Amino acid sequence: KYKVDLVIENEFEVPVGYCEIEMRDWDICPFNTIHVPSRKKKLVENDLPTTYFVVSRGLQRAYWTTPDVILASPLREVPNSAVESGEYFYDVPIDEFKHVLL
């Protein structure tokens, strides 16, 4: 609990990387940026390479990027339905994500 979502292993079952995955309610991202919660910072500062994925609710698309891109993006307070104030997000430009059809 509260660790990365997936551990990537090589053919010898040795961990070689991590994946952190979030679901979003949209299919195609309708925004110029994707908000990555600042609380995810601990998950992208790992001892192995980490890939951060945003997956559409219908599992038809994924957007992915790396921790260096996330951490280089500005932090912004973004009120939302879960937290009215005080929650911060990395405001990552959509063009900093790669896009793939699943």
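Mentor: Begin with accessibility. This is a predicted model. Glu 20 has 2% relative accessibility, and because buried means under 20%, Glu 20 counts as buried. Glu 20 belongs to strand 2, residues 15-24.

Trainee: Which residues is Glu 20 in contact with, leaving aside its neighbours within four places in sequence?

Mentor: Lys 3, Val 4, Asp 5, Lys 40, Leu 43, Thr 51, Tyr 52 and Phe 53. A polar atom of the Glu 20 side chain lies 3.4 Å from the backbone nitrogen of Asp 5. The Glu 20 side chain also meets that of Lys 40 in a salt bridge, at 2.7 Å from N to O. That pair links distant parts of the chain, 20 residues apart: Lys 40 sits in the loop between strand 3 and helix 1 (41-44), and Glu 20 in strand 2.

Trainee: Is Lys 40 buried or exposed?

Mentor: Lys 40 is buried, with a relative accessible area of 14%.

Trainee: Which residues are linked with Glu 20 in a network of salt bridges?

Mentor: Glu 22, Arg 24 and Lys 40 are linked with Glu 20 in such a network. Within it, the side chains of Glu 22 and Arg 24 meet at 3.0 Å, N to O. Glu 22 counts as buried at 12% relative accessibility, and Arg 24 does so at 16%.

Trainee: How many salt bridges does the structure hold?

Mentor: It holds 8. One of the salt bridges joins Arg 61 and Asp 27, with the closest N and O atoms 3.5 Å apart. Arg 61 lies in strand 5 (residues 61-65) and Asp 27 in the loop between strand 2 and strand 3, so the pair ties together parts 34 residues apart in sequence. Arg 61 is buried at 17%, whereas Asp 27, at 30%, is partly exposed.

Trainee: How do I read the nonpolar side?

Mentor: In soluble globular proteins, nonpolar side chains tend to be buried together. Here the largest nonpolar core has 13 residues, and Val 54 and Phe 97 are among those with the most contacts inside it. Strand 3 (33-37), strand 4 (50-56), helix 2 (67-72) and strand 7 (88-93) each give two or more residues to this core.

Technical notes:
Residues are numbered from 1 along each chain as its sequence is written. This is a predicted model: local features need pLDDT of at least 70, side-chain atom pairs count only at pLDDT 80 or more; totals for chains, interfaces and linings use all residues. Side-chain values use heavy atoms; hydrogens and water are left out. Helices (H or I, at least four residues) and strands (E, at least two) are DSSP runs, numbered from the N terminus. Buried means under 20% relative accessible area, exposed over 50%, partly exposed in between (1.4 Å probe, protein chains only). A polar contact is a pair of N or O atoms within 3.5 Å; within protein, one must be able to donate a hydrogen and the other to accept it, and residues adjacent in sequence count only if both atoms are side-chain atoms. Contact means heavy atoms within 4.5 Å. A nonpolar core is a set of buried Ala, Val, Leu, Ile, Met, Phe, Trp, Tyr and Cys residues joined through side-chain atoms within 4.5 Å. A salt bridge is a side-chain nitrogen of Lys or Arg within 4 Å of a carboxyl oxygen of Asp or Glu.
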